[in-house]
Amino acid sequence: MIGLFVLVACTAVVASAQVQVKLLSPEQNAAPGDFITQVFAITNQQAFPDTFNLSLTLSPGLTSLAAPAPLSLNAGASGQVFVTVFVSSQARAGLNTVRLTATSQSNPAIHASASAQIMVSARESLAVIPPDDRRALPGTTLALVFVVVNQGNIAAELRLTVASRRGFPLQLETRRLQLLPGERRAVTVQLSLPISASPGVETVTLTATSLQSVAASPSASVRVHRPAAATSTHPPPARPG
């Protein structure tokens, strides 16, 4: 997995003559799984008191802990709003934004907003999920369905390989995959069990390899059972006297 950082960059302010929204927080660094608290200042520049509804617009993968409550301000007064944002592993690599908008309850045409820019670096993470254990007889063919998951925030181009511990014949559905961030894809492996296969456990392993890293899959075990020899419940025929 490639490490990553999140950079909170400069802000953009859009204001009307009656209200202003400004970001007070300095630049911040964070990693996915962290919480970033940003402080905004809202100023009522009207000549009378007003209450402002507050709303957030977040890039995908960013989540606020709670919706900000309306803020009441006297004429010329300012108030601070604390916004805590969680940066999840689904945040896309590149530029992300947190935008706070204040809208007057007395006149919705009066509104202003400020934005923080968050630059999320690339993160690559892969997972391969095996099917449940299977049971089969020699001479049969099993379809084993693995699931390959792109848990990172960038597109992944993968090369797939499959191996049998005892060298049994295998057929892989595809040897190349392209997965978008968060995408998962089922991949089928056909396992042919020779008629001469001895009892025991056969392990089939699917491995996904990208340009940046190698992710080894968990293994799926197939139990091969040879049928027991039939036994007769009748007594043996009597020998001639």
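Strands are DSSP runs (E, at least two residues) numbered from the N terminus, and two of them pair if DSSP finds at least two bridges between them. This is a predicted model, in which local features need pLDDT of at least 70 and side-chain atom pairs count only at pLDDT 80 or more, while totals for chains, interfaces and linings use all residues. Residues are numbered from 1 along each chain as its sequence is written, and side-chain values use heavy atoms, without hydrogens or water.

**View 1. An open sheet of four strands, ordered S2-S4-S8-S6.** Pairing in the sheet is antiparallel. Strand S2 (19–23) and strand S6 (62–64) are the edges, each pairing on one side only. S6 is joined to strand S8 (residues 78–87) by three bridges; Leu62 has Val87 in S8 as its bridge partner.

**View 2. The largest nonpolar core, with 26 residues.** Such a core is a set of buried (under 20% relative accessible area, 1.4 Å probe, protein chains only) Ala, Val, Leu, Ile, Met, Phe, Trp, Tyr and Cys residues joined through side-chain atoms within 4.5 Å. Among those with the most contacts inside the core are Val21, Phe40 and Leu62. Strand S10 (111–120) gives the most, five residues. Another core, of 23 residues, lies apart and includes Leu142 and Phe168.

**View 3. Surroundings of Leu54.** Beyond neighbours within four places in sequence, Leu54 is in contact (heavy atoms within 4.5 Å) with Ile42, Pro68, Ala69, Leu71, Val81, Leu100, Thr101 and Ala102.

View 4. Residues 1–15 have pLDDT below 50, as do residues 227–234.

Key
pLDDT = per-residue confidence, 0-100. Buried < 20%, exposed > 50% of the residue type's maximum accessible area, 1.4 Å probe, protein only.
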